[in-house]
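Thanks for coming. I will go through one structure today, starting with its cores and ending with its helix contacts.

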Amino acid sequence: MRNLLRIIVFTLLNLQYASAQDVVALIKDGRQLSSQKQYPEAIEKYKSALLIEPENPQANYQLAFALFASGKGPDGLPYLDKVVSANKNTPLTAASYSLMGSIYGNAKQLPKAIDAYKNGIKADSTNQRIYYNLGIVQYRSKLYTDAEQNFADAVKRDSADAGSIRMFALTTFHENKRAEAILGFCRFLQLEPNSKRSAEAFGNLQNILQRGSLQTEEGYQPTSATKAEAFTQNKIINKVLAGFMTRKYASPTALLTAQLKELFAAFGDKYKYAAYYNKLSQTDNFETFVRVISQSGFAENTKWAVENKDKMSAYEAWTKSTAIR
């Protein structure tokens, strides 16, 4: 009798071990298929894994991701609910909430998307991408004050993420906080000087410098604090730019160089990146910086960057050795 019990226990243990191995193998196969964008096949692998182990968090998450990638995002929500119910404050929990946010965002259920991303941040406050994604949904909802803060938080966690910096600049631009917008667009263009996004950013920068105005957007209600800050920043900018009304410059680059130099001096260290650019404006590398960030608007500066390798090297050395905050 004892021998029979031993055999039964041993058999059950082996079956359990085999089942666990099968789940791992199925998930691995599913991920490989997903990486090849073979989502229907991947979905079947994950479903097979869940038949063996229904609560497996990786299988549930990967199935939801494959459904989302194949255009069936809402079908993945029940699987993500299993993950977040079983796990607390883990990277996988945060990733699941983030995926929920993307699903709700695509479905234009923006309040639900915002709640999901906020829960993701609670689960993992180090996840830079969730701050960015939350900011995007808030930006789409015209909650610019909240969006600005989350883009700033995303930049704190990855100071070289051009996308987050671009959105920080765009958000402050929509808030009419134009000093911060100028600085943000300059930083974005410094990191990404030649792209479709760069052309848009340079156009926005030029709009500010040409003293263009934004109409108040329908549905956007700035706080009294935002209005006051926008007034203060624009007062500084208008005072500086008024001095350029009668001046003549040899080229658009020369004008931009002079405008930014005076603006950065006026900003001092009041705003994000202000101290860095004020310091840069006092070096021999400043003209090079202006030529770099204006390549998408002034075609001659792309050629200049190629032909002036010594100046480009000196500028790059300065940027590498100087901390930016």
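A nonpolar core here is a set of buried Ala, Val, Leu, Ile, Met, Phe, Trp, Tyr and Cys residues joined through side-chain atoms within 4.5 Å. Buried means under 20% relative accessible area, exposed over 50%, and partly exposed in between, with a 1.4 Å probe and protein chains only.

The model is predicted: local features need pLDDT of at least 70, side-chain atom pairs count only at pLDDT 80 or more, and totals for chains, interfaces and linings use all residues. Residues are numbered from 1 along each chain as its sequence is written, and side-chain values use heavy atoms, with hydrogens and water left out.

Now the cores. The largest nonpolar core contains 81 residues, and I182, L260, F264, F267 and F289 have the most contacts inside it. Its largest share, eight residues, is supplied by helix α10, residues 178-191. Helices (H or I, at least four residues) are DSSP runs, numbered from the N terminus. Another core, of 14 residues, lies apart from this one and includes V23, Y46, L63 and A66.

What does I182 touch, leaving aside neighbours within four places in sequence? I182 is in contact (heavy atoms within 4.5 Å) with L205, I208, L209, I237, L260, L263, F264 and F267.

Next, K177, in the loop between α9 (162-174) and α10. Is K177 buried or exposed? K177 is buried, at a relative accessible area of 9%. Not counting residues up to four places away in sequence, K177 touches E148, T172, T226, E229, A230 and Q233.

On to helix pairs. Two packed helices are described by the angle between their axes and the distance between the axes. Axes are lines fitted to C-alpha atoms, for helices over the stretch in contact, and angles run from 0 to 180 degrees between N-to-C directions.

Helix α11 (residues 196-209) and helix α13 (residues 252-267) have axes that come within 12 Å and cross at roughly 70°. The two are therefore roughly perpendicular; angles under 35 degrees count as roughly parallel, over 145 as roughly antiparallel, 65 to 115 as roughly perpendicular and the rest as oblique. F202, Q206 and L209 of α11 meet L256, Q259 and L263 of α13.

For helix α4 (residues 77-86) and helix α5 (residues 91-106), the axes come within 9 Å and cross at roughly 155°. α4 and α5 are therefore roughly antiparallel. Among the residues making this contact are L80 and V84 of α4, with L99 and I103 of α5.
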